[in-house]
Amino acid sequence: MSIPVNHPRRQSLLIREKIVEGFRNGIVVAQGLIAHGRGEAFDYIIGEVTPPPTYEAITAAAAALITARKPVISVNGNTAVLVGREIVKLSSIVGANIEVNLFHRVPSREIKIRDYLIECGANNVLGVGDDASATIPELMSERRRVSPYGILVADVVLVPLEDGDRTEALTKMGKTVIAIDLNPFSRTSRKATITIVDNVVRAIPILIDTVLKLKCMTREDLENIIKKYDNRKVLSRVIEYLHSRLREESRLNLLFEKGPNK
Ligand code: PTJ
């Protein structure tokens, strides 16, 4: 579909097209279209920019990924089509495994996602077919099936577009869970160790830049960043930011209603 270059919502429409194409190629599940719409609505409210308090979460996430012993990046259908290449880049600079983990698990889709990530430059993709032979305790959804070489033994797991159940189960297993979710009210956002409230298409490139900047810091300094980080406070500040944005929108709306000469 051609989107006019001067269309005011061009960027958002281009992202939407990627998701639709992913759906047509069998990488994104139908429910992924709905999830994307929910994300778009939150993105509209946050102003389609990274909320300022989110930078603190990204810094803590970068520190956690750099200092991790066995970091893993979990990938589902939406994440693959939106940021497949960036995920591969991030995995190579922090030495993380990439693992396919799906809520709606179908063997053919696992394979398509793996093949797409390999096309994006990945050398090895875990969690496909028999490799997903381990289980996360207390989790009933298909997300419970994980690789014994990946998520099962990981100390830090990055989970873009996640569901709350698995986030909670992974934190109960003692793992540091970094979530990326546009919805600051979701269970995922509340249950993660570090919550990045942002669109994955903005968050992953910023995370890559931040990792590259922090990589020269000492382990002690990086661990201090993680120790001082308070997810509840950062999440509250993101919600405060939303609140102030809505107040400002409401004020501008009143001015607009009155008009300059009224
Ligand atoms: O590929 P599968 O089978 O694993 O399925 C993937 C989906 C996304 C369908 C599945 O994980 C799902 O149903 O997710 P939920 O529970 O709808 O949650 C998705 C969350 O991601 C919602 O809170 C959305 O606001 C958020 N979201 C959607 N698009 C983006 C996003 N967050 C960040 N960036 C986005 N682009």
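A crossing of two helices is left-handed if the near helix is turned anticlockwise from the far one by less than a right angle, and right-handed if clockwise. In this predicted model, H4 passes H8 in a left-handed crossing. The contact draws on Leu 82, Val 83, Glu 86, Ile 87, Lys 89, Leu 90, Ile 93 and Val 94 from H4, and on Val 200, Val 201, Ile 204, Pro 205, Leu 207, Ile 208, Val 211 and Leu 212 from H8. Sorted by class, the contact of H4 with H8 has 14 nonpolar residues, no polar ones and two charged ones. Helix H4 covers residues 77-94 and helix H8 residues 200-214; their axes come within 10 Å and cross at roughly 20 degrees. Angles under 35 degrees count as roughly parallel, and H4 and H8 are therefore roughly parallel to each other.

The sheet comes next. Six strands, in the order S3-S2-S1-S6-S7-S8, form an open sheet with parallel pairing. Its edges are strand S3 (125-126) and strand S8 (194-196), each of which pairs on one side only. Strand S1 (residues 71-75) pairs with strand S6 (residues 156-160) in the parallel sense over three bridges. Within this pair, Pro 71 has Val 156 of S6 as its bridge partner. H4 packs on the sheet, where it touches S1, strand S2 (97-100) and S6, and the direction of H4 makes about 170 degrees with that of S1. Helix H3 (residues 54-67) lies across S1, S6, strand S7 (176-180) and S8, and runs at about 125 degrees to S8.

Val 75 has Val 100 of S2 as its bridge partner. Together, S1, H4 and S2 make a right-handed β-α-β unit. S2 and S3 also run parallel, with two bridges joining them, and Glu 99 stands opposite Leu 126 in S3.

H4 passes H5 in a right-handed crossing. H4 contributes Gly 77, Ala 80, Val 81, Gly 84, Arg 85 and Val 88 to this contact, and H5 contributes Arg 109, Ile 113, Tyr 116, Leu 117 and Glu 119. The contact of H4 with H5 divides into six nonpolar, two polar and three charged residues.

Another helix that meets H4 is H1. The axes of helix H1 (residues 10-24) and H4 come within 9 Å and cross at roughly 130 degrees, and that makes H1 oblique to H4. The crossing of H1 and H4 is right-handed. From H1, Ile 15, Lys 18, Ile 19 and Gly 22 take part in the contact; from H4, Asn 78, Val 81 and Leu 82 do. The residues of the contact of H1 with H4 are four nonpolar, two polar and one charged.

Key. Residues numbered from 1 in each chain as written. Predicted model: local features only at pLDDT ≥ 70, side-chain atom pairs only at ≥ 80, totals over all residues. Heavy atoms only, no water. Axes fitted to C-alpha atoms, helices over the stretch in contact; angles between N-to-C directions. Helix = DSSP H or I, 4+ residues; strand = E, 2+ residues; numbered from the N terminus. Parallel < 35°, antiparallel > 145°, perpendicular 65-115°, else oblique. Contact = heavy atoms within 4.5 Å. Nonpolar A, V, L, I, M, F, W, Y, C, P; charged D, E, K, R; others polar. Pairing = 2+ DSSP bridges. Right-handed = clockwise from strand over helix to strand, strands pointing away.
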